[in-house]
Amino acid sequence: MNSSRPYIIRAIYEWIVDNECTPHLLVDATGAGVFVPESYVSDGQIVLNISPSAVVSLQMGNDTVAFNGRFGGQPQDVEVPIAAILGIYARENGQGMVFDSPMEPDPDPEPPYIGDPSSSERGHRPALKIVK
């Protein structure tokens, strides 16, 4: 399955904007593929205002968030891989979500064992029951 992080980011962004607040992204500026203005990076992180009034051409895809914003009055293209996004929150009240760990690919879950219910293969019985 695809990572849920980009979907959560888009949903929280929409919720923040619908509540007339200002969405901010907390970004690991040291991550691979992060293109942000270096002079605004502090301790390896940057906070980006991504409100509709602050950015142009906001694109929130499954792999990256990209937009054109103004920094010190100068327009600049910004690109942030989803894996580098540490959180999204509303400036006014801090509500949103901070992600616990860097984004890693979801591991492939082990498929359930379906076989002879009397078998002890894999050390467990299937969780299926006959319902009448």
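**Strand pairing in the model**

I begin with strand β7, residues 96-98, which pairs with β6 in the antiparallel sense over three bridges. Strands here are DSSP runs (E, at least two residues) numbered from the N terminus, and two strands count as paired if DSSP finds at least two bridges between them.

A word on the basis of these values. This is a predicted model, in which local features need pLDDT of at least 70 and side-chain atom pairs count only at pLDDT 80 or more, while totals for chains, interfaces and linings use all residues. Residues are numbered from 1 along each chain as its sequence is written, and side-chain values use heavy atoms, with hydrogens and water left out.

To return to β7: Gly 96 in this strand is the bridge partner of Tyr 89. The hairpin of β6 and β7 has five residues between the strands, and there Gly 94 takes a positive phi near 75 degrees.

β6, residues 85-90, also pairs with β1, residues 23-28, over five bridges in the antiparallel sense. Within β6, Gly 87 stands opposite Leu 26.

Which strands make up the open sheet of three, and in what order? The order is β3-β4-β5, with antiparallel pairing. Its edge strands, each pairing on one side only, are β3 (55-60) and β5 (74-81). From one strand to the next, the twist averages 15 degrees, with axes taken as lines fitted to C-alpha atoms and angles running from 0 to 180 degrees between N-to-C directions.

Finally, β4, residues 64-71, is joined to β5 by eight bridges, the two running antiparallel. Pro 75 in β5 is the bridge partner of Arg 70.

Terms used
Helix = DSSP H or I, 4+ residues; strand = E, 2+ residues; numbered from the N terminus.
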